[in-house]
Amino acid sequence: MGFTDEERTKTFYLEGIKAGSTYADQQIKVEFDPDGDEGAAGWDVEDAVRITVVSVDADIDSDNDGTVDDTDDPIENKTPGCIIPKNLEGDGEGEDCLESLSLSVAPTLPESTAILSGDSGIRVWTTIAKTTEVTLPHTYDPASTMPSTLYVDGETAGTSADLQITYKDKNDLEIGSDSLKALVTETPSWAPAKQNIAYVWSSLHTNANSNIGNNLGWGDGDAFEDQLTDQDWDVIWFNDTTGDTDTDFGSCTLANYKKMKDCGALTVICHGETEACIAVYADTEPAATSWRGTESDMTTEYWPAIPADPYWTDDIYVVKVDSAWHASNWAGTLNTNKAIAMWSICYSAADSGGSSLKEAAGGRWRSGYRWPTTETEAEQTNNRFLGRLNGSVDSGNRRTAGEAWEDGNGYTYAHSYAHVDPLNVRMDGNDWTTLNAAPDKNHPHFPDDNPSKRYGWGCVIFDTYMRDATSAATALVKKSGGCSTYDHRWVGNTYGKFAIGFDYDTTDGTATTMQAKRQDCTNYDALWGRPLDEDREAPIEDDHEWSF
Amino acid sequence: MGSRRKVVLGGVGLCMVLSVGFPAQSRGNDSADQPTAARNQAIDADFHVDTFGVAAGQPINSGFVFVDGVYLDAPYTVTRRGSGILVNDEVIVQPLPEWPLPTPEPLPTENPKVPPSLERTTPHQHPDVLGYIRTKLAYIKANYPETELSTRFSEALESLPCVERVKGGTPTTVTVEWTDGDVTSIRIVPPARASLPMDENSIRGRLDGERARLEKKLAKGKGVFYFSDGGEINVSKNRIEERLPILFDILASDQSTEKKFQAVRETMGWQVVKKDGYGSTLVTHFKSSPQLEARIAELRRKNGPPE
């Protein structure tokens with residue numbers, strides 16, 4: 001052992017490689033034969049110590065592959081750690097996303113304690129059904145009362161949290177600990193489906209209606225078009241440009257009105273009233289009646305000219321399409337499409353739900369007007385709301401419908417009933433609705449700094465559920481650098497995928513640039529989605545890149 | 001005011017004014033023998049240039065414009081010509097059909113009586129029926145409080161021999177059943193959405209705003225497909241640059257018209273584009289130009305090989 005007359009003490013270091021099964025079940029014994037094998041004395045001198053190999057382990061799905069296993073442990077202390085969206089959003093709202101946390105200490109020492117601690121921004125529950133919250137820090141005394149599984153809930157989006165388990169003996173001395181990281185991301189949103197199709201219905205699309213009371217303008221549709229095309233939507237107009245006193249409906253045909261539901265976003269610009277939209281305008285009753293054919297919940301209405309009124313100089317016939325028709329013909333598909341439906345017409349929203357157009361026609365996010373509206377008000381509303389959704393307003397910080405709507409803050413514009421009700425526009429629906437996918441607002445990608453020379457796990461995180469039919473290796477590529485990246489894979493939950501992860505090896509120390517390709521990182525859609533907005537601000541221009 | 005006529009220019013220079021017509025079919029075949037000065041005078045009159053003047057923007061070398069399938073060569077100059085808007089020579093916003101606006105029928109000074117010509121068998125669309133409804137409603141509005149409007153108008157309708165009964169109504173309508181069996185809802189108050197002011201300056205300002213918006217769209221490099229039935233498809237810069245070469249290949253190919261429509265729907269996602277339906281002229285009247293072919297070639301170089 002290397003003892004000499006001068007060196008009478010030797011120091012060795014122990015490594016526990018397997019947790020003991022009981023207290024002090026391991027022994028280290030030193031025996032001493034003072035005169036060696038050939039002397040008379042035997043192994044008469046000895047001393048021994050007892051040892052307990054302690055294991056303290058906390059595990060979570062750190063590589064975000066859906067399982068807690070051996071691959072998680074080596075990277076559990078590195079960012080991002082386990083990605084936990086604040087909530088999940090299916091077709092309903094507000095479903096919590098909880099991640100399983102495995103805990104163990106071994107052996108269970110008498111009178112020992114285990115302390116679970118963690119940063120704010122996460123909450124821990126005893127069951128996935130959130131039966132009882134474990135308020136942190138929490139001491140399990142004795143340690144044997146600590147459950148083997150708890151559930152971690154993301155509370156504050158943007159939090160990069162540490163979770164730690166500390167094992168203490170009966171003297172309150174720390175005898176082991178383990179820690180891991182978790183990242184709370186914002187709730188993933190859904191963007192509307194139906195590829196990139198948005199429709200505008202503008203059946204009074206002229207300054208030259210015979211009744212100038214029908215000159216409503218279409219600047220609100222222009223705003224809708226401008227904001228959506230900036231986010232790579234195709235905006236298709238159905239217009240009647242020939243005025244209100246002919247039998248030419250232009251492209252405002254019944255067939256096209258029925259097709260309006262087959263979109264991801266729509267706006268309707270015409271006259272409206274409580275529970276009805278005045279869809280088309282003609283100079284004869286047969287023309288209007290022929291337009292509606294045998295459709296239920298549509299009626300022809302005669303609007304007589306009003307003598308002495310310069311706004312209403314000509315008789316016309318219109319087709320009134322009731323909420324009930326929209327409920328039967330549009331709502332199902334618009335809901336399935338997770339569409340954004342913006343009714344730029346008077347009385348299209350009710351305060352108490354019910355059967356106004358906004359409520360009846362469906363869609364994941366809906367807007368309408370409680371009172372009469374104007375082109376100017378609707379244009380301002382569309383520019384503010386859709387500009388926020390596409391990121392050009394408020395620097396990409398209000399890209400979800402809930403953030404963009406902001407409970408109506410800032411949407412108070414001039415209108416004829418402002419003295420009764422300053423806020424005319426009404427919006428509601430699922431707050432977690434976006435136009436397109438973009439990188440996560442708080443933590444778009446990892447590694448987000450120099451990870452030093454090591455193996456690790458990185459990712460790009462999106463704010464919207466993605467179309468994972470595209471290969472992850474195609475959607476996220478290494479653009480340059482010597483770091484090896486491998487096993488690119490979509491990351492998500494039962495509803496969908498909202499990140500692409502990859503393993504990396506930076507042991508050669510070369511700076512590496514990753515590229516999430518905008519055309520391949522698209523929002524979820526059965527056929528194809530709209531491309532990624534790399535900087536969260538319209539227009540979409542480049543791929544999302546970062547280096548580490 | 002009667003039905004509208006559509007003003008269509010196009011071809012080379014501002015040389016044609018067509019009455020109701022279909023631009024892609026009519027372009028280039030009308031009024032060619034008129035002296036130029038007379039033609040332009042007629043055009044100016046149609047566009048009310050004397051009243052509203054002309055405002056032309058700067059030529060724009062970006063974006064793509066198609067009108068009924070025909071590619072318009074850049075640069076694009078968006079002009080407000082009187083009360084209409086043109087991109088190059090194509091009318092995008094129709095001029096007002098007449099100016100000044102017509103004066104309304106005068107308010108009746110006496111309580112209208114049921115025309116003696118009306119009988120039980122008179123069709124409800126007879127001009128005398130409609131005339132009575134119009135003047136009676138106006139008279140009631142002018143002489144009685146709004147709260148009595150529905151009741152008094154219903155009573156007036158019931159006095160008509162061709163009315164079977166008044167079925168009731170809403171705060172905005174009265175519904176009547178005629179002796180011929182038809183049922184009509186008659187609006188008794190105007191709809192609520194405020195209309196745009198129609199004075200000279202407001203019209204001019206609004207059209208100039210529209211012109212500026214078109215210029216902005218093209219300056220952003222977007223693509224726009226106009227159709228003479230009022231349809232319009234707007235596409236972002238990214239989308240038009242990535243997809244136009246593919247669309248061009250479809251439209252310029254030898255495949256059948258039906259297959260072209262199908263390919264357009266599948267490639268662009270424009271499910272609404274149909275033969276004999278929306279946007280049909282994109283396929284049936286597609287016309288390229290040397291400039292378009294050059295721009296497509298440039299896009300192909302930029303985009304690289306198709307995936």
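**Contacts, burial and strand pairing in a predicted model**

Me: What makes the meeting of A:D315 and B:R134 a salt bridge?
Reply: In this predicted model, the side chains of A:D315 and B:R134 meet with an N to O distance of 2.5 Å. Because the rule asks for a side-chain nitrogen of Lys or Arg within 4 Å of a carboxyl oxygen of Asp or Glu, the pair A:D315 and B:R134 is called a salt bridge. Between chain A and chain B the count is 13 salt bridges, and the rule for polar contacts finds 34 residue pairs across this interface, both residues being at pLDDT 80 or more.

Me: Which element of chain A gives the most to the side that touches chain B?
Reply: Strand 16 of chain A does, with six residues. The elements that give two or more residues to that side also include strand 15 (197–202), helix 1 (219–229) and strand 20 (298–303) of chain A.

Me: How many residues does each chain bring to the contact, and what area is buried?
Reply: Chain A brings 72 residues and chain B brings 66 residues, while the area buried between the two chains is about 5700 Å², with carbon and sulfur atoms giving 51% of this. On the side of chain A, the residues that lose the most area to chain B are A:N207, A:Y302 and A:P307, together 12% of what that side buries.

Me: Why is B:D68 called buried?
Reply: The relative accessible area of B:D68 is 0%, and since buried means under 20%, the term applies to B:D68. This residue lies in the loop between strand 2 (64–67) and strand 3 (70–72) of chain B.

Me: What makes the pair B:D68 and B:T281 a polar contact?
Reply: The side chains of B:D68 and B:T281 are joined at 2.6 Å, and because the cut-off for a pair of N or O atoms is within 3.5 Å, the pair counts as a polar contact.

Me: How do you know that strand 27 and strand 30 of chain A pair?
Reply: Four bridges join strand 27 to strand 30 (residues 513–516) of chain A, and because at least two bridges are needed, the two strands pair, running antiparallel. In strand 30 of chain A, A:M514 is the bridge partner of A:K478.

Me: Why do strand 27 and strand 31 of chain A stand at the edges?
Reply: The open sheet of three strands has the order 27-30-31 in chain A, with antiparallel pairing. Strand 27 (476–480) and strand 31 (544–547) each have a single partner strand, so one side of each is left without a neighbour in the sheet. Neighbouring strands of this sheet are turned against each other by 25 degrees on average, direction ignored.

Notes:
Residues are numbered from 1 along each chain as its sequence is written. Chains are lettered from A and ligands numbered from 1 in the order in which they are written. This is a predicted model: local features need pLDDT of at least 70, side-chain atom pairs count only at pLDDT 80 or more; totals for chains, interfaces and linings use all residues. Side-chain values use heavy atoms; hydrogens and water are left out. Axes are lines fitted to C-alpha atoms, for helices over the stretch in contact, and angles run from 0 to 180 degrees between N-to-C directions. Buried means under 20% relative accessible area, exposed over 50%, partly exposed in between (1.4 Å probe, protein chains only). A polar contact is a pair of N or O atoms within 3.5 Å; within protein, one must be able to donate a hydrogen and the other to accept it, and residues adjacent in sequence count only if both atoms are side-chain atoms. Contact means heavy atoms within 4.5 Å. Buried area is the accessible area (1.4 Å probe) that two parts lose on being put together, summed over both.
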